[in-house]
Amino acid sequence: MDRITRRNIVNNVMLTVTGICTVLTVSVLFLILGYLVYNGWRSLDWNFFTKLPLAPGESGGGMANAIVGSGILILIAAAIGIPVGFMGGVYLAEFGGKTVPMLIRYTADLLNGVPSIVIGIFAWTVIVVPMHHFSAWAGGFALSLMMIPIGLRATEQFLRSVPDSLREGSLALGASKTRTIVSVIVPAAKQGILTGMILGVARVSGEAAPLLFTSLNNQYWANNLNEPIAALPLMIYERATSPYDDFHRQAWAAGLVLLVLVLIANLASRWVLSRGATAQRG
Amino acid sequence: MGTVVATAPPQTRPRKMIAFWRDGDQISHLVTFIFAASVFLVTVFLVYELWIHSGPSRAKFGFNFLAGTTWDPVTDQFGALPFIYGTVLTSFIALVISVPLGVGAAIFLSELAPPKLSNACTFLVELLAAVPSVIFGLLAIFTLVPLMRQYIEPFLKHTLGDLPLFQGPAYGVGYLTAGVVLAIMTFPFIISISREALLAVPREQREAALALGATKWESTWQVVVPFARLGILGSIFLALARALGETMAVTMVIGNDTGIHTSLLSPGYTIAAIIANQFTEATGDIYLSALVELGLVLFALTMVINAAAQLLIIATTRKGSKPA
C-alpha cells in the first residue's frame, strides 16, 4: 500500500513537473513578444519608417535606409537562393540516381549547419576580398547561401510527396518527363514549395552575423549595390551595444519591426501550407 | 537486305537523339543537375577558401594554435584555446538548462497534453525558434544582464560562493549569461524534435507497460523515453551544434575577455563572438588569417556535432516509421 502511494506521488509530481516545463518554455515567447512590444511601441513613430538615422544626441531620426536595405539584401538572396534551391530540389526528387543525390543531399545538410558567421567569412573571401570593398552583393550572396539548403530540401520533400499515380497518369498520356514535372508535379506540390521558400526568406531576414563583414552597414542610403548597405539586424546590433539612450530606443523599435516581419512570414507560410492541405483533401 | 540492316542504326540514332532533345528531358536533367551540383561545389569551395585564407596562420602556429592561450594582435601571437573553451563552456551551460526543460516539455506535449493543446504549444515553441538572434541579444542586454547582475549572480555567490565556479564580481555579462541566452535559443529544437521522436513510439509499448500495472510516469520514463532515446539524443546534438555556432546574441552578452576563467560569472569570449567583434578591425595577414582559422575550427566543431545529430535522428525515424 505504502509503495503504491509512493509510486502515485512520484507519478503526479513528475507529470506536474513536465507541465511546468511546458508552461515555462511557452511563456518565454510571450515574455519576449510582450517586452518587445512594450518597449518597441513607445519608440516607434512615423519617422522611423521615413527618416535616416541621426548622430547620437539628436533626437528623432529613423531607419528608412535599413528597412529598404534589408529588403534589397533579401531580394538579392532570393534571386540566387530560390532558383538554385528549387531547381536543385527538382533534380533530387525527379532525376538523379542513387549516389549523386545522396552526396548533394548530404552537402546541403552540411551547408545548412554551417554557422552563419562562417558563411560570412566565406562571402568575405570570395566577394569582398577580390572587390576590395564591402558591398550589398556580398551580403546578399551570404544570405542566399543560408537560403539554398532550406529551399532545396523543402522542394525535394514536397515533390516526393506527390503520389506516383499522378506521374504515371501524365506519362501515360504521352507527356514527356519535363512536361509532367512542369504541368503536373510542381503544381501539385506548389503550396509546400512556397512554404519552404517563405521560411527560407524568414530565416535569412533576421540574420546579422553573415552581414557583419560583407554588407557592413551604412548610416546613409547606398547609391548602388557595390556599396556597403544598411540592414535592420545590423542596426539593432549596433544600436543595442551603443551607450546612448536614444539609440537604445531605436534598437527596440527596429527589433519590434523585425520580429513582426519575421513572425508574419512564418505565419504566412503555415497558412499557405494549411490551405494547400485542405484544397487537396477537398 | 544486309545493307539495309547495316545502315539502319546510323539513321535512327540521330533521330532518337533529336526526339530526346525535343522532349527537353535531357536538357532539364542537365540544367537541374547543374543547379544541384552547384550546392555541392559551393560547399566544397567554402571549405577550400577557409583552408587557403587560414594558410598564414596555420603555417606560423601549426597545431599550437589550438593550444595557445595568448591572443595578442600587437605582437601577432594568436592562440585559440580561450575561445574554444568559451564556446564549449557556454554551450555546455546551455544544455544543462535546456535539456531537462526541453525534454520535460516534450514529454508533456507528447504524452499528456490533448492533441490540440500539444499542437498549439509546439507551434508557439517553433515560432520561438524563428525569432532572430539579434533580438535575443537585444532583450538579453536590457533584461537578463541587469537581472543577473543585481539578483541572480549575487545570490549564486551568496549560496555557492565557496565553489570556484562562482567567484569574482557580478558583471552581469559573461559565460553564465551567454549560457542562459543559448538555453532559451536552443530548447525549441529539443522540444520539437524530441516530441516527434516520442510520438513515433508505437502505442503498444505504452499499453503494454500500463497493462503490467505501471503508472503513467513509469510507462513514460521507463518505456517510452528509452524507446525514443536516439531521437532525443539527436535533438540534443542539434541544439548543441546551434549553440556552438550562435553568434549575435552571445556576442552581445559574453563580455569580451580573452582570458580563460573557471568562474562562470566572469566575462569571456566564444569563437563566433571574437570573429564578429574583430574581423572588420583586423589588420595584417596573420591577424586576419588567425580569425579565419578560428572560423575553420568552429566549422569543424559544428560539422562533427551536426553529423552525429543527423545519424541519430535518421536512426530513430527509421525505427519509428516501421509498423510495430
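**Exercise 1. Which side chains do A:R270 and B:E126 bring into contact, and at what N to O distance?**

Solution. The side chains of A:R270 and B:E126 form a salt bridge, 2.9 Å from N to O. The rule asks for a side-chain nitrogen of Lys or Arg within 4 Å of a carboxyl oxygen of Asp or Glu. Across the interface of chain A and chain B, that rule finds two salt bridges.

This is a predicted model, where local features need pLDDT of at least 70 and side-chain atom pairs count only at pLDDT 80 or more, while totals for chains, interfaces and linings use all residues. Residues are numbered from 1 along each chain as its sequence is written, chains are lettered from A in the order in which they are written, and side-chain values use heavy atoms, without hydrogens and water.

**Exercise 2. Describe the extent of the interface between chain A and chain B.**

Solution. Start with contacts (heavy atoms within 4.5 Å). 79 residues of chain A touch 79 residues of chain B. Next, take buried area: the accessible area (1.4 Å probe) that two parts lose on being put together, summed over both. For chain A and chain B this is about 6600 Å². Carbon and sulfur atoms give 82% of that area.
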